[in-house]
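Me: Could you walk me through this one while I have it open? I'll ask as I go.

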Amino acid sequence: TVLIGRKLGGVRGIAASLAGLLLPSAAITCLLTAGFQVVQRLPAIQAMLHGVVPATGGIMLVVAVRFFQPLLKQGRQEGIFRLVITLLIIMVVGTAVIIFKVPVALLIIGAALAGVLLFRNPPATASMQPQPPAREEL
């Protein structure tokens with residue numbers, strides 16, 4: 001948005017494009033929040049919220065399982081050690097988020113570092129490195 005605004009109108013174009021991007025969504029969010037404040041105590045709304053929370057949890061569980069299945073298949077192909085380590089990282093991250101309320105950004109960085117340390121390929125030995133083609137003498 002910023003690049004298009006700059007190309008079309010310079011600094012004014014940047015301001016206009018950002019305003020066009022942000023103001024409508026901010027206005028809709030404010031209106032929805034204000035509307036919810038008015039109706040949040042109604043029994044029908046409370047009943048809907050009590051039904052939506054478990055449904056959302058179920059949908060999230062299904063999505064997690066679908067994301068997990070290819071990783072499990074890949075882990076089986078790579079060996080039991082990598083599979084166990086992968087499952088351990090998943091359980092530690094899940095526990096940290098759910099029980100200890102650790103910020104997700106920190107967990108992503110930590111899990112990425114753990115993955116780099118635990119799953120990097122060993123350095124290639126001299127016999128495994130490709131040899132340059134032999135030169136033909138004339």
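Reply: Before anything else, helices (H or I, at least four residues) and strands (E, at least two) are DSSP runs, numbered from the N terminus. This is a predicted model, in which local features need pLDDT of at least 70 and side-chain atom pairs count only at pLDDT 80 or more, while totals for chains, interfaces and linings use all residues. Residues are numbered from 1 along each chain as its sequence is written, and side-chain values use heavy atoms, with hydrogens and water left out.

Me: How many helices and strands are there in the chain?
Reply: The chain has four helices and zero strands, and its elements run α-α-α-α from the N terminus on.

Me: What share of the chain is buried?
Reply: Of the 138 residues in the chain, 8% are buried, where buried means under 20% relative accessible area, exposed over 50%, and partly exposed in between (1.4 Å probe, protein chains only).

Me: What about the ends of α1, how far apart are they?
Reply: The end C-alpha atoms of α1 (residues 2–39, 38 residues) are only 38 Å apart, short of the 56 Å that a straight helix would reach at 1.5 Å a residue; the expected span is 1.5 Å times one less than the number of residues.

Me: Where does α1 bend?
Reply: α1 bends by about 140° at Gly9, the bend being the angle between axes fitted to the seven residues ending there and the seven starting there. The buried residues of α1 are Gly5, Gly13 and Ser17.

Me: And which residues of α3 are buried?
Reply: Those are Leu83, Ile85 and Ala96. Seen down the axis of α3, they fall within an arc of 170°, so they line one face of the helix; the arc is that of the directions from the helix axis to the C-beta atoms. On the other side of α3, Ile80, Met91 and Ile98 are exposed.

Me: New topic: which residues form the nonpolar patch on the surface?
Reply: The patch is formed by Val97, Ile98, Ile99, Phe100, Val104 and Ile108, with about 630 Å² of accessible area together. The elements giving two or more residues to this patch are α3 (80–98) and α4 (104–119). Phe100 sits in the loop between α3 and α4 and counts as exposed at 61% relative accessibility.

Me: What is the phi of Lys101?
Reply: Lys101 has a positive phi of about 55° although it is not a glycine. Most residues other than glycine have a negative phi. Lys101 lies in the loop between α3 and α4, and at 63% relative accessibility it counts as exposed.

Me: Last one, how many salt bridges does the count come to?
Reply: The count comes to one salt bridge, a salt bridge being a side-chain nitrogen of Lys or Arg within 4 Å of a carboxyl oxygen of Asp or Glu. The side chains of Glu78 and Arg82 meet in it (3.6 Å, N to O). Glu78 is partly exposed, with a relative accessible area of 41%, and Arg82 is partly exposed at 22%.

Notes. Patches are made of residues with over 30% relative accessible area and no salt bridge: like charges are joined within 9 Å, nonpolar side chains (Val, Leu, Ile, Met, Phe, Trp, Tyr) within 5 Å. Accessible areas come from the Shrake-Rupley method with a 1.4 Å probe; for residues, only the protein chains shown count as cover.
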